[in-house]
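Take a look at the sequence and the model below.

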Amino acid sequence: MAATVVFEHPVAGGVAPTAAQAKEQVSFTINDVVTADTAITVTHNMGMSAADLAAGLPIVILQPLRASARAAQWIVGSAALPGATGKTANAIDLTKVNGVGSDSGTAVAQIRVHLIRPHSIGR
């Protein structure tokens with residue numbers, strides 16, 4: 001079983017929000033994680049500019065939902081590319097640092113991720 005993404009905001013389900021929907025925030029869970037799952041790329045369609053990416057946007061909040069998710073130590077970026085941010089204009093790469101952290105089973109949410117782009121007034 002492979003890790004799956006379930007979007008929660010601004011859309012719900014397995015399909016990424018459109019660019020028009022993903023203006024300021026995208027929230028999703030990573031479900032069905034097993035020990036063999038070490039990386040996942042999630043399309044968010046926020047259309048981040050090069051300047052925003054260079055400024056570290058979008059802001060990423062990783063919220064472990066289970067003890068196994070804390071043990072897995074999910075991070076933004078790729079273990080294969082040290083120093084890589086793991087962020088592109090329309091996607092984010094998440095990597096599981098620790099080789100543990102499996103709660104295999106259908107629809108078991110491991111971690112919730114919030115991607116936030118601050119309003120232009122705040123930048």
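**The sheet and the chain around it**

Four strands form an open sheet in the order E1-E2-E7-E4, and their pairing is antiparallel. The model is a predicted one. Two strands stand at the edges of this sheet: strand E1, residues 4-9, and strand E4, residues 59-64. Each of them has a single partner strand, so one side of each is left without a neighbour in the sheet. From one strand to the next, the twist averages 25 degrees.

What holds strands of a sheet to one another? They pair through backbone hydrogen bonds, and the pairing can be parallel or antiparallel. In this sheet, strand E2 (residues 25-31) is paired with strand E7 (residues 109-116) in the antiparallel sense, over seven bridges. Within this part of the sheet, Ile30 has Ile111 in E7 standing opposite.

The sheet can now be placed in the whole chain. The protein has seven strands and two helices. Read from the N terminus on, its elements follow the pattern β-β-β-α-β-α-β-β-β.

How much of the chain is buried? Of the 123 residues in the protein, 36% are buried, with under 20% relative accessible area as the cut-off. The accessible surface of the protein comes to about 6200 Å². Carbon and sulfur atoms account for 58% of that surface.

Contacts give another view of the fold. Among contacts in the protein with a separation of 6 or more, 71% are between residues 24 or more positions apart.

Terms used
Residues are numbered from 1 along each chain as its sequence is written. This is a predicted model: local features need pLDDT of at least 70, side-chain atom pairs count only at pLDDT 80 or more; totals for chains, interfaces and linings use all residues. Side-chain values use heavy atoms; hydrogens and water are left out. Buried means under 20% relative accessible area, exposed over 50%, partly exposed in between (1.4 Å probe, protein chains only). Contact means heavy atoms within 4.5 Å. Accessible areas come from the Shrake-Rupley method with a 1.4 Å probe; for residues, only the protein chains shown count as cover. Two strands pair if DSSP finds at least two bridges between them. Axes are lines fitted to C-alpha atoms, for helices over the stretch in contact, and angles run from 0 to 180 degrees between N-to-C directions.
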